[in-house]
2 protein chains.
Amino acid sequence: MEVKDYGLSRVSGRVLDGPTNPMVTPLLTDLYQFTMAYAYWKAGKHQERAVFDLYFRKNPFGGEYTIFAGLEECIKFLANFKFTEDEISFVCESLAGSCEDGFCDYLRGLDCSEVELYATPEGSVVFPKVPLLRIEGPVAVVQLLETPLLNLVNYASLVATNAARHRFVAGKSKMLLEFGLRRAQGPDGGIGASKYSYIGGFDATSNVAAGKLFGIPLRGTHSHAFVSSYMSLDEIVEKSLRSSDGSSSCEDFVSLVQTWLNKIQWSNSLRNVFGETNQSELAAFTSYALAFPNNFLALVDTYDVMRSGIPNFCAVALALSDLGYKAVGIRLDSGDLAYLSFEARKFFCTIEKEFGVLGFEKMIITASNDLNEETLDALNKQGHEVDAFGIGTYLVTCFTQAALGCVFKLVEINNQPRIKLSEDVSKVSIPCKKRCYRLYGREGYPLVDIMTGENEPSPKVKQEKICRLSRTLERVASINLS
Amino acid sequence: MEVKDYGLSRVSGRVLDGPTNPMVTPLLTDLYQFTMAYAYWKAGKHQERAVFDLYFRKNPFGGEYTIFAGLEECIKFLANFKFTEDEISFVCESLAGSCEDGFCDYLRGLDCSEVELYATPEGSVVFPKVPLLRIEGPVAVVQLLETPLLNLVNYASLVATNAARHRFVAGKSKMLLEFGLRRAQGPDGGIGASKYSYIGGFDATSNVAAGKLFGIPLRGTHSHAFVSSYMSLDEIVEKSLRSSDGSSSCEDFVSLVQTWLNKIQWSNSLRNVFGETNQSELAAFTSYALAFPNNFLALVDTYDVMRSGIPNFCAVALALSDLGYKAVGIRLDSGDLAYLSFEARKFFCTIEKEFGVLGFEKMIITASNDLNEETLDALNKQGHEVDAFGIGTYLVTCFTQAALGCVFKLVEINNQPRIKLSEDVSKVSIPCKKRCYRLYGREGYPLVDIMTGENEPSPKVKQEKICRLSRTLERVASINLS
């Protein structure tokens, strides 16, 4: 048994960069934070030392854990917290005739140098009611921070948790790609989703801006529009392709592809499996391969996966193979993904056997199309041959639960404990500064988290401890720390 | 009967400002848009004239209409579409060894001067399958626009629709306040929510940044933390308050409040209704009123609404009234809002009668606490006395449906119609450029929308027309335009 004080380290050090999104300014807050700051200031109370906890009350998605994220942006925000003159004028006008000049001067001098931030490490597994952040400082400035900190933590932690849940269902060996930018809730809904999906366990994103900002690996090939933008192979003017090692050049790659398509069609094992394939699609695949011979991955469901997309893909992949290139694989974006992945894999195996192209059966099969935790789980139950999943809408918008309800509650002022009462017992806040411990068993697995008052003795091994179980607030347990 | 060509006007004119969020750059797109652009360029196909439609397939929230929004940001994005050198380098590195220098030069010269945008007016009521935007231009550049345009329209239209639905349920006479910033999906999820809720029919927001950016009216007073930050009336040092007309000054406003609380408590009608009220709350209300005598609105549920919050509020409001100020009202943030609003109204009426303070019964009652369409509807059915609703999480995250599935489909290239087939009939795209008409009855109410091919004759009054009903794609109707 081991006890670790896992949460709430003091965050310190020099931070130069501002928040990723330049719109994250001290004005990104609710008006009532300013009316309160003014009232505190007017009452001479603004410098009183307050302690606020940021926490959530319930794990999202009906689940049993949450991944804490958003801390880096919170730190950048605090470190750069400063009003411009323009912002000060706007705030003072918004306080509608009630604002004394002295308050403008107060805002002018305001920063977070008197604010202390204590935080759980970003990416931690966390649980309800345990503070993710503790913010100590003059009550008026900490009050102003409430909304932006909640905004920066709520969605970040929600998406990271959603991503971790998708990873759990998909399994460690699958490639998970975040494809959600187009359906995200606004531009940095998309950028945030990419960052926090990566923190939650995804492998890559389609979002170029997020790739540039955060160094997340990028993935993407082509869409249906690319396929349908081609009419026929006649459109391809520049037909030559150098071999992978540069030693030779194929002058008419288009003919090579056609030859291969013919060979597949009339091969012993695939005769009568498909007829004439779609020529628009064949032209698009060929053209794409000419542009990306090292990175040929084709979307095969624009017309008919098994009777056109897969044969066309294989013809181009085999032509590339003649020139020493190894095609990457296919993407399926509609239909019965489990069935189609099995059929595609079978087709690849047949090609490998029939034409002796080593490794052809290992072609990567990527699946997309409104995937989520449930569909991944259903695919697992049916069995499938998918290697990589592209997940968009349900991941980035957290469709099954679009918000995490983090709150920001005053727990002390002037060293006095404060509480918010409520008829709804789950809404009653827990007063005072806290410490959080995570207890680990002999095998190194975490067993339970314990929250104590700041000045209570820390839990010790071989000690019996009476605890209230946070889940219910009703039950009291005796934990034997042996 | 009147026929209006309601949709898809050409957008033109000079636009100087860039998108509201500086993160909306040409890099805010999926990697595959760049791989496709490269493949088009490599095939010499990049300048081919393409036509794309942006539309959605199904109204959100199980509803019968959608409000189109996001157009202004799309226009600003297109008007300022230009790559920086830094962005070009990043894109070319991301194309992994496949990128010829000529493509970098191509990107360097790229803008949207050859792109034409046709759009439905922002704020329109729109329906599935009808193009909201039609974008015409060189295929490679229009392809790059797909993701950002979808991102800018999808969430904007979703929130505007959600707001319009809330307005419909709440009724025209109620004040609707958007309070969602803290729970929104990222910083500009919050800012976008404020803008598009306003377009959808909300009256104001709590979001100061949105107020500054878009001129949306701001609302907000104080939170529970403000209440619990006070211990007792002794904390209030500066106790004087000038009368509203400036003619006199009350040297001890705190005593005036206490006197009023005493009068209420021992009045004929309210004797025994409540006992000792919470002094922390009374101090907070008094202090807030001293800061905002013209704008006193108190959150009354920190301890006990009827036994503390309402009496304390009334004492302060009556003290303000003595000095010529008119208190604004209360906010309820928990409990049975219908019941509490009735009880609060009764209390105000009693005060008006007992102490002859004209208009006291008209005090504004604001309600918040996880409100949504269903809870508003339930409140209406129960009956209530609420004047204003503060709506957050469910509005801004569109909790019941977190994404609108707008798509962007190629419908023509080089004047040839293009289609995307699918086994799922709802996913088949409708080829060719379209015109949209809205038919109005004699009373001026809209009856039906009709979509035709670009070159088909427009529907005329007193003409019979055979149409396919878009909802099902199965039924054909004859509409008699009389």
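1. In helix α1 of chain B, the residues L31(B), Y32(B), Q33(B), F34(B), T35(B), M36(B), A37(B), Y38(B), A39(B), Y40(B) and W41(B) are buried, where buried means under 20% relative accessible area, exposed over 50% and partly exposed in between, with a 1.4 Å probe and protein chains only. The helix is thus mostly covered, with 11 of its 12 residues buried. Helices here are DSSP runs of H or I of at least four residues, and strands are runs of E of at least two, numbered from the N terminus.

2. This is a predicted model, in which local features need pLDDT of at least 70 and side-chain atom pairs count only at pLDDT 80 or more, while totals for chains, interfaces and linings use all residues. Residues are numbered from 1 along each chain as its sequence is written, chains are lettered from A in the order in which they are written, and side-chain values use heavy atoms, with hydrogens and water left out.

3. The length of α1(B), residues 31-42, agrees with expectation, because at 1.5 Å a residue its 12 residues should span 16 Å and its end C-alpha atoms are 17 Å apart; the expected span is 1.5 Å times one less than the number of residues. Just after α1(B), G44(B) takes a positive phi of about 70°.

4. Chain B also holds an open sheet of 6 strands in the order β9-β8-β15-β14-β13-β12, with parallel pairing, two strands being paired if DSSP finds at least two bridges between them. Strands β9 (204-205) and β12 (297-299) of chain B stand at the edges with a single partner strand each, so one side of each is left without a neighbour in the sheet. Within this sheet, β14 (residues 364-367) and β15 (residues 388-391) of chain B pair in the parallel sense over 2 bridges, and T366(B) stands opposite A388(B) in β15(B).

5. Chain A can be laid on chain B with an RMSD of 0.0 Å by a turn of 180° and a shift of 0.0 Å along the axis, the superposition being by least squares on the C-alpha atoms of residues with pLDDT of at least 70 in both copies. The two copies are therefore related as by a two-fold rotation axis.

6. Chain A and chain B bury about 8600 Å² between them, 61% of it on carbon and sulfur atoms; buried area is the accessible area (1.4 Å probe) that two parts lose on being put together, summed over both. In chain A, M23(A), R182(A) and Q185(A) lose the most area to chain B, together 10% of what that side buries.
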